[in-house]
Amino acid sequence: MLARSLKQFSRSSRLSLQLRGYAANPDRNSQFARLSEQDLPSLASIFSSPDTSLLTTLGEKPTATSDDLEPFNVDWMGKYKGQSSIIVKPKTTEEVSKVLKWCNERKVAVVPQGGNTGLVGGSVPLHDEVVLSLSSMNSVRHFDPLSGYVSVDSGIVLENLDNFLAQKGHIVPLDLGAKGSCQIGGNVATNAGGLRMLRYGSLHGNVLGLEVVLPDGRIINGMKGLKKDNTGIDLKQLFIGSEGVLGVITGVTLSTPVRPSATNVAVFALPDYESVQSAFSSARRDLGEILSAFEFFDAASYKLVRSHGHAAERKTFEDGEDAPFFCLVETSGSNKDHDDEKLGAFLEQLMESGIVNDGVLAQDETQIGQLWSLREGIPEAAGKAGRVYKYDLSLPVEKMYSLVHEIRQKLSEKNLLAAEAEGGNGSGPVKTVFGFGHLGDGNLHINIVADAYKKEIEEVVEPYIYELVAKHNGSISAEHGLGLMKAPYVSYSQDSPSLDLMRTLKKTLDPNGILNPYKCVTAE
Amino acid sequence: MFVSRVNAIRASRKVDINVLVPIKRCIDYAVKVRVSPDGKGVDNTVKHSMNPFDEIAVEEAIRLREKNKSLVDSITAITIGPQKAQDTLRTALAMGADKAIHVQAEHNVEPLQVAKTLKHFIDRDKFELVLMGKQAIDGDENATGQMLAGLLDCGQATFASSLKVADGKATVTREIDGGLETVEGNLPMIVTTDLRLNEPRYASLPNIMKAKKKPIENVKESDLPVDLKNRLETIKVTEPAQRTGGQKVDSVDELVEKLKQNALI
């Protein structure tokens with residue numbers, strides 16, 4: 001319904017790839033077999049239509065060029081690049097099962113891949129792993145309007161699923177900027193958070209059932225649409241957020257709330273971070289159950305988003321363009337008059353108490369989309385401004401923003417922060433450091449935009465930023481996951497018995513370690 | 001000194017203009033319109049908001065005043081519609097209109113009756129400039145502005161993409177097929193707005209609060225000297241044909257063959 005479809009994830013072939021070849025990525029595990037042309041007929045025989053299900057650059061008659069394979073090998077930021085020469089796109093769960101069994105028997109490493117919109121290098125190969133793309137499994141299997149759940153193939157694109165449910169008057173309890181490309185299976189595998197989390201909670205609550213293929217080819221059919229099911233250990237929870245290291249999700253049963261019929265969006269300009277916190281606690285108190293999103297972004301984020309795309313066209317505020325902080329509040333409910341009254345009282349109180357400098361309230365659906373694009377357009381604008389280091393942290397709300405200052409200061413001390421950036425002093429490669437995020441969930445995104453991915457920037461920020469997070473008892477990954485990027489730093493957020501247990505689970509389910517190697521759960 | 005100031009004010013009053021902005025509450029532009037079950041209209045239970053062309057007209061009126069404070073004396077928004085249409089008037093007031101008139105009518109009123117109603121208020125309150133959307137996005141009739149100019153026997157400039165008002169004249173650039181046309185005429189004048197005239201502002205919180213205190217005059221249908229009864233009856237409303245999916249072909253020859261099969265070439 002909301003016209004917020006971002007095209008940010010369409011990959012441009014013109015994208016010049018500046019890859020971080022210097023980073024200490026793990027070497028190829030020599031235990032894994034290397035595939036050659038001779039293996040192809042046997043692999044191809046698995047598929048009902050090998051022409052469309054097997055893409056490879058191997059052999060005398062390759063079925064694809066390396067350009068065809070690039071979208072599967074490179075993540076959308078252009079930060080991680082793999083060397084895979086085989087992509088498989090099974091059409092059924094049975095085919096997925098056969099592929100995994102085939103790979104497991106031969107000790108061939110596999111990377112399960114959804115929409116490849118991940119931000120931590122978890123969805124692309126590192127070396128020559130086979131990419132198992134779920135893109136060809138994209139049907140809705142069953143929708144039950146009364147019980148309020150939908151069963152789908154895991155490769156369905158989030159936005160397509162939401163559009164399907166919109167026609168039925170329901171909603172996916174998950175929304176994020178990448179919705180036009182990301183797939184529900186990938187969302188579940190990474191336990192994606194996003195924009196509706198404040199209202200509907202996490203996927204650990206909203207996923208009712210999963211169909212998962214284990215590395216040895218066994219299929220776990222847990223596609224039940226039950227809200228309550230206390231029959232032993234809840235296995236599906238194991239796979240939610242496991243980043244494809246334990247099994248491949250092929251089907252998802254998701255709870256689907258009734259779509260709110262009345263939506264309001266307001267954006268405010270605020271004088272300081274304390275006011276952001278006051279506005280948040282007022283919103284929770286005064287808006288109650290209709291509060292569906294509370295997002296914040298800083299002046300540097302706003303400056304960036306105003307310099308690109310739709311938001312560039314006009315000022316948002318008469319008297320708040322230069323404020324240091326901005327918040328976006330969304331309400332969703334079933335009765336517009338009721339919501340308007342509540343929101344009106346809330347806004348009036350905010351203005352009168354001086355918590356906000358200025359603000360605007362969307363008057364129609366188009367404006368709702370435009371105001372959302374101020375917040376949702378930030379990652380896209382950052383991507384256009386340069387190479388982006390993304391840190392996705394969970395922190396107590398009151399401590400949240402001080403981290404942005406600390407990172408700016410640290411970069412500035414090392415003369416890496418350009419004068420044009422807020423807090424900058426020199427001619428360094430870092431153009432801007434900004435913070436935005438889901439205040440309602442205590443989730444801060446710190447982005448660092450630089451001319452290029454450079455070792456000296458990374459060395460200053462990592463692990464410094466993780467140490468800061470650990471000091472505040474936060475999490476080094478709120479919603480992006482560990483992937484390749486954060487796997488080495490997991491001990492900042494997990495104690496060693498927890499890590500041991502994760503490794504035990506990995507070894508039990510995937511003794512050959514073929515699934516998504518080098519990422520998430522790694523050997524000590 | 002005092003006398004000369006009064007004279008100056010009087011002199012300036014002569015060129016002061018009062019702007020009337022007729023607006024309509026329509027199904028929201030971004031909402032998918034569905035035919036109602038009886039096939040004689042559309043599902044009206046969905047979200048409504050101000051006709052986008054009217055929003056542009058409100059914005060232009062406010063910009064005229066912002067550019068030249070002494071030029072515009074008042075901006076009045078007017079609508080004909082159900083009780084809910086007051087929300088749309090409040091939006092216009094929050095954007096910057098000074099006052100509003102709400103003519104209550106439960107049914108969708110036809111352009112000629114709308115034009116006659118507007119004429120009634122123009123005769124009563126004297127407006128020198130009427131800024132209105134070139135059409136409403138629900139009926140797409142593109143008729144009310146032209147009819148109103150005819151009834152008032154005054155100039156009209158439709159499809160405006162730019163507007164200048166000075167010395168009792170309005171200069172309007174119009175979007176026409178394949179180019180632009182600039183016309184000029186004496187006030188009073190009817191100007192209908194096109195999409196590229198401006199981009200409307202957001203309603204700010206301080207202005208939304210101020211708008212709550214601005215006056216809305218309520219007029220009953222029965223108090224009008226105009227009969228709002230429709231002359232047309234809607235017989236049938238149908239949805240456009242569903243788009244069918246495309247088809248992939250492997251070669252140019254196959255493409256040509258398929259096109260011939262379907263009698264497309």
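User: What is the area buried between chain B and chain A, and what percentage do carbon and sulfur atoms give?

Analyst: Buried area is the accessible area (1.4 Å probe) that two parts lose on being put together, summed over both. In this predicted model, the area buried between chain B and chain A is about 2,200 Å², and carbon and sulfur atoms give 53% of that area. On the side of chain B, the residues B:Lys47, B:Tyr202 and B:Leu205 lose the most area to chain A, together 36% of what that side buries.

User: How many residues of each chain are in contact?

Analyst: Contact means heavy atoms within 4.5 Å. By that rule, 21 residues of chain B are in contact with 24 residues of chain A.

User: How many salt bridges does the rule find across the interface of chain B and chain A?

Analyst: A salt bridge is a side-chain nitrogen of Lys or Arg within 4 Å of a carboxyl oxygen of Asp or Glu. The rule finds three across this interface. A:Glu348 forms a salt bridge with B:Lys212, with the closest N and O atoms 3.1 Å apart.

User: Which strands of the two chains pair in the antiparallel sense?

Analyst: Strands of a sheet pair through backbone hydrogen bonds, either parallel or antiparallel. Two strands pair if DSSP finds at least two bridges between them; strands (E, at least two residues) and helices (H or I, at least four) are DSSP runs, numbered from the N terminus. Here β13 of chain A (residues 358-361) and β11(B) pair in the antiparallel sense over two bridges. Within β11(B), B:Ala203 is the bridge partner of A:Leu361.

User: In what order do the four strands of the open sheet in chain A stand?

Analyst: The order is β1-β2-β4-β3, with mixed pairing. The edge strands, each pairing on one side only, are β1 (54-56) and β3 (110-113) of chain A. Four bridges join β3(A) to β4 of chain A (residues 130-133), and these two strands run parallel. A:Val131 in β4(A) is the bridge partner of A:Val111.

Conventions:
Residues numbered from 1 in each chain as written. Chains lettered and ligands numbered in written order. Predicted model: local features only at pLDDT ≥ 70, side-chain atom pairs only at ≥ 80, totals over all residues. Heavy atoms only, no water.
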